[in-house]
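Please view the sequence and structure below before reading on.

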Amino acid sequence: MDLLEESFPQLFYLYSTYYTPYATYIHPLRRALLLTQSYFYQYAFPTLYPFYALTLRLLSSALTEQPSLASLALLAILLLVSLKLMDILRRTIISWIAFVIRMTMYASVMLLGVWVYQRGLEQSLEDLGWILGYFAGLGEQGQRMGHAKAAGRANEARRIPKGNHRGRTRGAGW
């Protein structure tokens, strides 16, 4: 305290006079705390100390005699804590993903509204019809290409010569 007083006299003055206005509130609290500690050490501590000492002795002997049990308990505690942290991390990531999806949906609805407002309702419906027709055309083109590829594969399968079944035993092969 002397070093504080010599080095920083204003800080020491603030430290020594800070609680002066609050002394009327602090002294009853400090007195209650000291009386509680006095009661604890006078009445409760003599009763509880044997149980405390016995428990402490049993735990220390269990940890020194069976270190594998202590390491297993520590491992279990670490596992539980890590699982809890991973659950918190998972919930955080899921909530951020849901937030981004929600904001994307709101933004798309707002952009659609702005688009309809700028183009007008009739022109927007015409544009929507054109877009739906374009996608329907892509679907039909995909179906035509898929049917053509399927027919080509079927022709290739017909051109493959059939194998000779002579000499095969029952259950051989596939």
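Trp130 and Tyr134 sit 4 residues apart in helix α5, so about one helical turn separates them. Helices here are DSSP runs of H or I with at least four residues, strands are runs of E with at least two, and both are numbered from the N terminus. The model is predicted: local features need pLDDT of at least 70, side-chain atom pairs count only at pLDDT 80 or more, and totals for chains, interfaces and linings use all residues. Residues are numbered from 1 along each chain as its sequence is written, and side-chain values use heavy atoms, with hydrogens and water left out.

**Confidence**

The pLDDT, the predictor's confidence in each residue from 0 to 100, averages 81 over the protein, and 76% of the residues score at least 70. Where pLDDT is low, the predicted coordinates should not be read in detail.

**Aromatic pairs**

A pair of aromatic rings is described by the distance of the centres and the angle of the planes. Rings of Phe, Tyr and Trp (its six-membered ring) pair if their centres lie within 6.5 Å; planes under 30 degrees apart count as stacked, over 60 as edge-to-face and the rest as tilted. By this rule there are 3 aromatic pairs. Trp96 and Phe99 are edge-to-face, because their ring centres are 5.7 Å apart and their planes stand at 90°. Both residues lie in helix α4 (residues 67-119), 3 residues apart, about one turn of the helix. Trp130 and Tyr134 make a stacked pair, with 5.7 Å from centre to centre and 15° between the planes. Trp130, Tyr134 and Phe135 together form one aromatic cluster.

**Salt bridges**

Side chains of opposite charge can pair when their charged atoms come close. A salt bridge here is a side-chain nitrogen of Lys or Arg within 4 Å of a carboxyl oxygen of Asp or Glu. The whole structure contains 4 of them, including these:

| Partners | N to O distance |
|---|---|
| Asp87 and Arg91 | 2.5 Å |
| Arg119 and Asp127 | 2.7 Å |
| Arg153 and Glu156 | 3.7 Å |

Asp87 and Arg91 are 4 residues apart in helix α4, so about one helical turn lies between them. Asp87 is partly exposed at 22%, and Arg91 is partly exposed at 46%. Arg153 and Glu156 are 3 residues apart in helix α5, again about one helical turn. Arg153 is exposed at 59%, and Glu156 is partly exposed at 41%. Salt bridges with shared partners join Asp87, Arg90 and Arg91 into one network.

Ser124 lies in helix α5 (residues 121-159) and, at 5% relative accessibility, counts as buried.

Note on methods
Buried means under 20% relative accessible area, exposed over 50%, partly exposed in between (1.4 Å probe, protein chains only).
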